[in-house]
Amino acid sequence: MKRPPLLEPNGFCFWKARFETYVKSEDIDLWQVIQNDDFYYEVEDSETKLMKETPYKLLKDDQKKKLSKNNKAKMTLYIALPRKEYEKGEYEKFSILNEETINTGFTRLYAIVTSLKSLDPGYSSKNHVRKFLRDLPLKWRAKVTAIEEAKDLATLPLDELIGNLKVYEMAFDNDDVASNTTKEKVKSLAHKVKVTRERTCNNPSFTTRMTIASSTS
């Protein structure tokens, strides 16, 4: 057998047994990578004294050879998966990064959905609104709750949702800017007060005036 068995959507258990046997017969190390994640080597950081992944240039030849199995394992999986199953996996694991904008997150999801639609017509009628809301970062929880309470998610168009979230995002960003500006102003004012106090306390004439004022009162 020159290639791993191709996954059959309705025969996963049988395929899994055949696939495991195939990989182990080809290279037992590949199965370890598939089961337990990539091989990697660690080295101590000279500054932090913490362990970090060893730079490639510091690896020995036998270590480099073993690391190559990481990509070989991935390729074996790619060959065994029909493209539709791969795209479904990408859809299911999709999430929006905390620093990512609504627009970039939507663009990534749209690309996956478009590809799925061409492979599986059933995805054309699938409601992706709940998916998008579910995968927003934690900072969006209050907005998500408000949308869920105010809208019928079963009929809410995805484009309308994205437009709504973009408006909120702009307001959210403006609030952050205003908050940061206020913090900077407070910080600057506190610094000025501190400098003024230091100058006043170190000024002999001020001390003399205070002593005179005290003695005459």
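## The largest pocket

The residues that line the largest pocket divide into four nonpolar, one polar and three charged, where Ala, Val, Leu, Ile, Met, Phe, Trp, Tyr, Cys and Pro count as nonpolar, Asp, Glu, Lys and Arg as charged, and the others, Gly among them, as polar. The lining is made up of Leu77, Tyr78, Leu81, Glu85, Tyr86, Gly89, Glu90 and Lys93, and the elements that give two or more residues to this lining are H3 and helix H4 (83-93). H4 supplies the largest share, five residues.

The volume of the largest pocket is about 150 Å³, a volume being the space filled by probe spheres set on grid points that are joined across faces, edges and corners. A pocket is here an open set of points, on a 1 Å grid over the protein atoms alone, where a 1.4 Å probe fits, with protein on both sides within 12 Å along at least five of seven lines, and lining residues have an atom within 4 Å of a point.

## Basis of the model

This is a predicted model, in which local features need pLDDT of at least 70 and side-chain atom pairs count only at pLDDT 80 or more, whereas totals for chains, interfaces and linings use all residues. Residues are numbered from 1 along each chain as its sequence is written, and side-chain values use heavy atoms, with hydrogens and water left out.

## Overall architecture

The protein has nine helices and two strands, and from the N terminus on its elements run α-α-β-β-α-α-α-α-α-α-α; helices (H or I, at least four residues) and strands (E, at least two) are DSSP runs, numbered from the N terminus. Of the 217 residues, 26% count as buried, that is, under 20% relative accessible area, with exposed meaning over 50% and partly exposed in between (1.4 Å probe, protein chains only). Among contacts (heavy atoms within 4.5 Å) between residues at least 6 apart in sequence, 57% join residues at least 24 apart.

Helix H5 (residues 102-119) has 18 residues and reaches 26 Å from its first C-alpha to its last, close to the 26 Å expected at 1.5 Å a residue, the expected span being 1.5 Å times one less than the number of residues. Its buried residues are Ile102, Gly105, Phe106, Leu109, Ile112, Val113, Ser115 and Leu116.

Lys84, which lies in helix H4, is partly exposed, with a relative accessible area of 29%. Leaving aside residues up to four places away in sequence, Lys84 touches Leu116, Leu119 and Asp120. Lys84 and Ser118 are 34 residues apart in sequence, and their C-alpha atoms are 9.2 Å apart in space.

## Loop residues with positive phi

Most residues other than glycine have a negative phi. Asp37, although not a glycine, has a positive phi of about 85°; Asp37 is placed in the loop between helix H2 (28-36) and strand S1 (42-44) and is exposed, with a relative accessible area of 56%. Lys49, also not a glycine, has a positive phi of about 65°, and its place is in the loop between S1 and strand S2 (51-53). At 53% relative accessibility, Lys49 counts as exposed.

## Gln63 and the backbone of Lys60

Gln63 belongs to helix H3 (residues 61-80) and, at 18% relative accessibility, counts as buried. A polar atom of the Gln63 side chain lies 3.0 Å from the backbone nitrogen of Lys60.

How values were computed
Polar contact = N/O pair within 3.5 Å; in protein donor to acceptor, adjacent residues only side chain to side chain.
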